[in-house]
Each structure stands twice: as structure tokens, then as C-alpha cells.
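Hi,

Here is the structure I promised to pass on.

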Amino acid sequence: MSLLLVHLSDIHIKTDSDPILKRGDAIAAALNPYLPSASLIVIVVSGDVAFSGAKKQYAAAKKFFDGIRKAVRKEARCDVEFLICPGNHDCDFEKNNQSRKNNILGVQGGGGVDDSVIKSCTRIQDEFFRFRDSLETWKSPAGDRLWRTVSVEAEGRKIVFDALNVSWVSNIKEDKNLFFPFSRYQDQVLEESSDIRFIAFHHPLNWFSSSIYRPFRKFLRDVGSVLISGHEHEGNVGQLDETESGKSIYVEGRVLQEGSSDLSGTGFFILEVDLQEMVVRHSGFEYFADLYRPQEGGRTWQMPSGKSGKLAVSPDFRRLLEDAGAISHPDATSQITLQDIYVYPDLRKVHERGKTRKFVDSKILLSPSETRDGVILKADERTGSTSLLYQLFMSYLEQGFVPILIRGNEIKRASSGHIDDLVSSAIRAQYMDEDRLSVAQRSRSEKIVLVDDIDESKVLDAAGRAQVLGYLRKIADHMVVVVSGNFGIEEILEEDNSEELVSLEHYEIQPFGYSKRSELVKRWIGIGHSISGADLISECDKAERLIASAMHKSLIPSAPLYLLTLLQSINAGKSADLKESSLGHYYEFLLTEALLNAGVSRAKLTEHYQYATYLAWEFGSRGVQRLEKADLRDFNKRFSAEFFSIEFESEVRLLLNARILIESGGEYEFRYPYMYYHLKGRYLSANLHEPHIRDYVSRCCGHLYVRDYANTILFLAHHSNSDWLLDAIKGSMAKLFDSVSPVRFNGDTVKVNELISDAPALVYKGGTPEQHREKKNKDLDELDESEGDSDGLMDKEESSDHLSLSSQIVMLFKTTEILGQILKNQYSTIRRPMKRALLQALFDGSLRSLSRFYSDIGSNSDKLVARVRKAIVDSGKSADHAQRDKLARRFLAEIVQSISVSIIGHAALSINSDELSADISDAVREVRGGGDVGSEGAFSYRIIELAVVLDSAKPIPRALLADLYAEKRADLIANRIIKLLVLTRLYMFRTTESDMQWIASTLDIPLSQQHQITYSHAGKKVK
């Protein structure tokens, strides 16, 4: 048998002639197919019953609902109950006196809430409460005018219903600053256990003030199985699965009556709850032609259990579980918690390697079925393994399990008695006194042991470690153990191949890829304030670009701590502070924190920084990654003689403790490449006046396709804006593809245009920017996974004086990136003439590469078509010669278009900064007036300028777009590049309806599917 919940909302009954009043029988009739299996029917009305809280309106509503109940009872023959909460329209604002206004101001200002305040603020809802009491027939409701609770037993399940009056402080002109004193009711709610708990309220959570938004949201999702709301009129049903509150289902009600004449587009939801299987099924109904018709797209979920009555964690341990460490956010109204910012990392099964991505989300560990046989998690440092265990502790606690956390460094001996003592000690530290006996007496099937850093145990031999794991498996059926990559699990299994240990699943915690970084950025930006739609996309885009600039592959770990430190140090919550120029300060901040954490006083930072800087150059000047201890000792002797005396052994120990150096096999190296290159760049910048340093930097600039050289110049750019350095990089760019002139789209693309004449029409496929960004991030993650640690750079110089084509291509992209970093990092210290010169060098290099590409493609087009045609024949996909030829040309046309936009887009991305927009315009104006390229090159420059503007959330540049499109409408490849840049803009950022229509009419881009872009969630908070 089932519980049938009918959700009606936002009825706005105004007069006796309202059309909805004649549709009660139609609503009841829509329920008939669901009634035979129902053992209880509850009609939840989540506010705005009346239009203005008037007595006559409720009289009409009473008749309407009585009619529905009568019709349903006739068919169902079971109890039909109502649960009703008020909305802002259920307030009679003609009775809104000064006393109420003063009380609201007091409450919003932090004043206390007692019965007199509640009575004053809810007096304008008197008619609603009379109506509610006349309709609801619950036996023993409890509570007051703000929180009302009823409970029933059905099919052996205890079901609790809560109706919240969140409109008690509503105003006639509602704003998103509501307040609800949930802490007043917290204890009594938590005391009542249940199998299912429904909580109904009118305003969705994004309507509440920032001071209570997060704690109120957490509390409701923590205790509620299903949260039911109304107000916004746009129906939606789904399931949330959060680290801080577990799973809950949300139901955002559809409007039942929008106006006074037409019910089209209105409707309601039902939930069927199978009380035996605890499964909930959702169905929606929409009014059309006098009937409420079922809609497609119903969903089914496992019903989240009631969450109150759980074991109580000790206050000190809960503070530890929620502690976000040193991470703070300038917009947070209170101390942020770990749960505010936590993102579950990806995992990969150990020994599972291959070309396809085989990552799984660590959220799978939230399911008891995944931890029943035990899990081993291999984790590198700072990958957030401890935080993951904290999240698992809270989740399993919410699910009714008994989690027990043990630190690896507490395990001293491999004996069952010692392990039992550790478990008892952990229970005493982690649970309240009154629950400790209950925890200890729970069966092993209800327990999960979480072991952090078991490597730090004093038990070092494989046999002893096997015994420890075996003892832990006997304490709890569920287990998660974190180990380092050097733990030696294979040796342990050789010692003990019992089923309990062999069955352990082995995973590695992965660094954050593009998708996880995007998720973290979205959480960070949503802290402390409401942001949505176009603004959210724009802010996330800026932060993600900056992270991508900082987290160069293989240079700095993409670990949560580093990412959060970057977001914190640049204040990503405010767009004005998202500056590329912060990156140098970021790397310096990380090194400074490393030294401070190792015990260096701030007064001594400079001398240790100086030592590490010269040590980096010792590695660099020798051209090695590792040095033996004797070499370090020799360096220390020379450094002490030149600068100041420093005790060798203590300094090496300090650098090891600061995790700047790492020792392996008697050799020492920098732990992370970013540390080495940042310090090396610092040395080179300070000594750039020395001839031998200039010779070295010149050699690096001439071979930026080599990894070490490219990274050296990239990090040097954070420290120096020397004209000599800028000229050296600019000169290296000038040598790339110097046998051709920059493409001008002025008669130099004839052969390419012939090749792409058969290209298919560009079609806009619709979808939201959020969907496209999510797919793009997944694609980038898969590409990273397939490439492994490869960054496309080479290990050493080519032997020939003339660079190969592949080296020139790699060097073009790296030099473009470096020039862009310099321009963005040093925009305030480089004079405008030099900025224009650097921009022109960057533009010309990209355009020369495009010219070379067009030349090679044009002169070899027939051969290329023949090769592709042969590949099509070999694949057996087409037997028709003409069709094969057409497919081959289409394929090559798409390749040409893709590479063209990639080169233009990369140039634009490298200089995309608000601070450079005026300089970009100056560079374009200069070439239009007869610069080095001549006025014929102006179009090429302007198309890069267009790409810069379109690669952001800025308004569509109609004048520039129309001018460029009209100028080169006959040049097919130029025409295609412009359209592809525009389409990319539509896919990646929200675009106004006005701009969409203008694009369709001006650029001949068919946007017949443009309205598939849905902005239905605009205005909602980041969840």
C-alpha cells in the first residue's frame, strides 16, 4: 500500500468567479488511477491559497477543497487529510500596522523572537489560520503559528508532516530577505524520530537572508526526507545528495491558478510513496482542454529516511568535522565549514589502466554496499583524503550507522587488545556521553571504521599490517582505509590472503580535473550571496580560466588545498579581483606558507627565500633535476661565503620539513616543479643584467618548444618586465613561420575557400551554456586522461638550426601563452608602445601560422582529399565515388575550420583581459593606419579583437560584428570563422533574446532551435 501526496500551490483565489473553483472535480478525477493502492492521502497546500488574505476568499477556498476531499473519498475509501501552510498572499496587508513593521525590523536586525513577536507578526494571517483549522482534521497537531507538526502511522511506518509559516515577516513588496527562527524549534524537531518526514513551506530557500540561508537550508535538508515549497510558480522535482545533509527530495510546486481567466500551463504534482519498499514516484499534471493531463518525465527515487533521532557527536569532534582550516571567504556571513566548500574527488581502481577514462566519483563510497567488503584508498599528499573521511563519517552517521575514525599514528602494536582500546578511545572522543554505550553495543553490521594515514602507524612490517587490517575488519563490516602510494598492499596480501583482506577494493584518489575544479569554483562563488544565470557563468568562467593558468600540467598539483588557496588569495568571489597578475603572488604565497609552517619566523623569511632562490639556480645552471648531498654541501659552502653563514644540516632539514625539497635514494630534488621554476625565475630576474644570464635566457627564448626553457621563461615573466626580456621573447615569435606573411583574408585564401566550399551549413544545436560547459569539461578531462602527463613540449633542443614544423607549432602556442601572461601580469608597468608591440608580435605570429597552414593545405588539397577518400573506401562506409569525394571534402573542410578557429581563439584567449582592451584597440587602430603589416592586415587584427570580445560574457559587439561580416562576406573561410566564433559564444555564455534575433537576421545563422536554451533557473541561488 502507498501514501499518496497531492501537492497544490499558489491558487490565488480572488473572487467566487475564479476559473479554478470549477475545476475541483477535474483535480479529483486526475487522482482516480492512483487511489486503489492508497492507504493514506494527504493534500499539501504550500501557500497562497487566497489572493489577499480576505475572509471571502477563504470561504470560496473552503468550498473548493471540501469538494475535492469529498470526490476523492468517494473513490478512495481511506483518510484524506490536508496540510496547509501560508504564503505571502495569505497576509491581509490592510492590517499591517506599525507594531508589526517594527517587530520585523527588529527580527531582521538580530532581535529575539518570543510569543509576543510571533503574535504581532502573524496577526495579518488570522483569516488564514481560521480557514486552516476548519479544513485540517489531524488528531494531535503540535507547535505554534510558525512551525506546526503532525505525525501518523501508516503500514507500520511513522510519518511526520511539518508546516512552516515562512511568510510571517512578508511584506507587500516581497524581497529576498526573509528570516525564520528555526533554532527555536531545533531541539524538538531533532527529538522526534520518523521513517519519513515531509516539510512544507511557501518561499524556496533562496528567498531567505544570507545570514540564515545556509544554516536554515542545512537544517531542513538534514531533518527532512521531502521538502515541499511553492511561490515561484515553476514546478520542479528532484533529489539532492549533499555531503552535509545526505539525501532529500525537493518538490517546487507548479502554480494552480496564475490569473483570473485562463488555466493553461497550470498544474500540480503527486508523489506515490510505496511504504513497503520505501520508493517514491513523482508524476506531474498540466491543465489542457478541461482536464488535468499526466505529463511525461516522471521519476522514481528511493525514499530518504527520516533523519532525526540519530546519535550525537561530541561538540569538539563536530567542530573538527566541520573545520575548513585556514580557508576563509570575504563574503561569508559566518565561518565557512568544510561542507560549504567540499567537492568529492574522482577515484580510479588500482591497476585499471587503459585508453578510456575509468574514473568513478568518490560519492559511491556513500553507499554502504560499496564499503561492505572494505576499501583501500591510495592518496598523495594534500589530495583531501582526511576531508573525504570526515564527509563519510557525517554521511554514515546520517544514514544510521556508527562511524568510528582512527588515526594511523595512534596504532602502535598489531594486537587485538590494542585495537580494541583504540576503538574505545575513539568512541569516547567522538560521541556524547549518553550515546557511548549505544555505540559500543551496536552490531558490526551497523559500524564503519575509517582509518586515516595508516602508513603513520608504528607497525611497519607487512605481517603486522595485515594483522591490523584483519582486526579492524572484525570490528566493523564496513571499512575505509587511507594509505600512501608506498604502503605496500601487495606485500600485505602475500602475508595474509584471507577472504577478508583479498576482498578489499583498491582505489586511487585523483587530482581535480576540469569538471571537479568547475564544481569547486561554483561552490566557492556561491558562498555568502545569491548569484545566478549569466552572472554565475561569467564569474565561474573567470575563476576557471585563472585556475587553468595557474595549474599548469605537471607543475603544480591540482589538489583541493592549492585550488582553495588560489581562490582565497585572489578573492574569487569578487570579479574585480580576478587578475592574472595575482599568479606570481600566489606562487610566492605558497612558498611563504611552506616556510612558515616549517617553523621559520617572518623575520627570517628573507634569508631562507634567498637561500632557496640560489639553490634553484644551482640546479638550473647544472642542468639537473637531482643533486647528491655532497653537491648541496658544496653549494652551501659557496653561498655562505658569498652572503651569510648558514648551518648546512639544519637548512636541509628545514627545506625537507617545508616540503620544498624531497630526498630519495640519497639524492635531493625540488618536491614540486612550480617551486623550482618560481625560485629559478626569481634568480634570473635579479641577475638579468649579467651577460651569462642573458645568454641563457636568450637560449631559452629561442627554443620555447623545450619544456625546461618554456617553464623557465613562463615563470620569469612573473618577476620581470625588462625591455630586454620582452624584446627577446618578441624576437623569438618573429622568427616563427617567417617565410610567409600574416594571412590577410584579402585574396590569399582562394585555395582554402575552394576546399571548404562543400562544407555543411553551420547549425546551432541549442542547449544551455551550463550543459555545454559541463560537456566541455568532461571532454577536457578525457583528453587529459588519454595524454597522461604529456604537455606537448619536448625534452631537449633540436639539433638543426632550422626548427621543424612541429617545433614551430609547439613554440607558437607556448610563446603566445607567455606573451599573454606578460601582458596580463605586467599590464600596469609596461608602457603602452611596448604593449602594442607585444600585441602585434602575438597577432602576427598567429596569423603567419595560419597563412602557412592555408598554404600547405591549398597546395596539397588534392592529395589530402585522395587520402581521406581512400580511408572512407577502406572503412566500407560508402560505395558511391561522388559521395566519397563529397564526404572527404567535407571532412577536410571541417578540419580547416576547426584549426582556423583554434589558432584565432588561442591568440584571443591569451590576451583576454579587461585591462588590455584599450591596448588591443590601439594595436588594431595602428595597423589600420599603416603599421608594419599595412592597412590590408587590419581585418586579420580585427577578427582577433572580435574573438577576444566574444570569449566573455560581455554584450554582443553588434557594430564590430556587422562591419566585419559585411567586409568579408564573400571570403568563405573568414565568413566561417566569424560564425564559428559567434556560435561558440552562444554555447558558452547566456545571450539575450534581442541579441539572438539580431544574430539570426544579420549573420545568416539559423537559430530555429535557439529557444531550447532554457533559463528557467535564473535567479536561484547556487546550491
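Before I go on, some ground rules. This is a predicted model, where local features need pLDDT of at least 70 and side-chain atom pairs count only at pLDDT 80 or more, while totals for chains, interfaces and linings use all residues. Residues are numbered from 1 along each chain as its sequence is written, and side-chain values use heavy atoms, leaving out hydrogens and water.

Back to Ala289, which sits in the loop between β12 (279-288) and β13 (291-294). Helices (H or I, at least four residues) and strands (E, at least two) are DSSP runs, numbered from the N terminus. The phi of Ala289 is positive, near 55°, and this residue is not a glycine. Most residues other than glycine have a negative phi. Phe745 is another non-glycine with a positive phi, about 55°. Phe745 lies in the loop between α27 (723-735) and α28 (750-755), and is buried at a relative accessible area of 1%.

Next, the sheet. Seven strands make an open, mixed sheet, in the order β16-β15-β21-β17-β20-β19-β18 (two strands pair if DSSP finds at least two bridges between them). The edges are β16 (359-361) and β18 (402-407); each has a single partner strand, so one side of each has no neighbour in the sheet. On average, neighbouring strands here are turned by 25° against each other, ignoring direction. β15 (residues 346-349) and β16 run antiparallel and are joined by three bridges, and Asp346 has Asp361 of β16 as its bridge partner.

Last, a helix pair. The axes of α32 (residues 861-875) and α33 (residues 881-910) come within 8 Å and cross at roughly 120°; axes are lines fitted to C-alpha atoms, for helices over the stretch in contact, with angles from 0 to 180 degrees between N-to-C directions. That makes α32 oblique to α33 (under 35 degrees is roughly parallel, over 145 roughly antiparallel, 65 to 115 roughly perpendicular, and the rest oblique). Residues in the contact (heavy atoms within 4.5 Å) include Leu864, Val868 and Ile872 of α32 and Leu887, Phe891 and Leu892 of α33.

Cheers

Key. Buried < 20%, exposed > 50% of the residue type's maximum accessible area, 1.4 Å probe, protein only.
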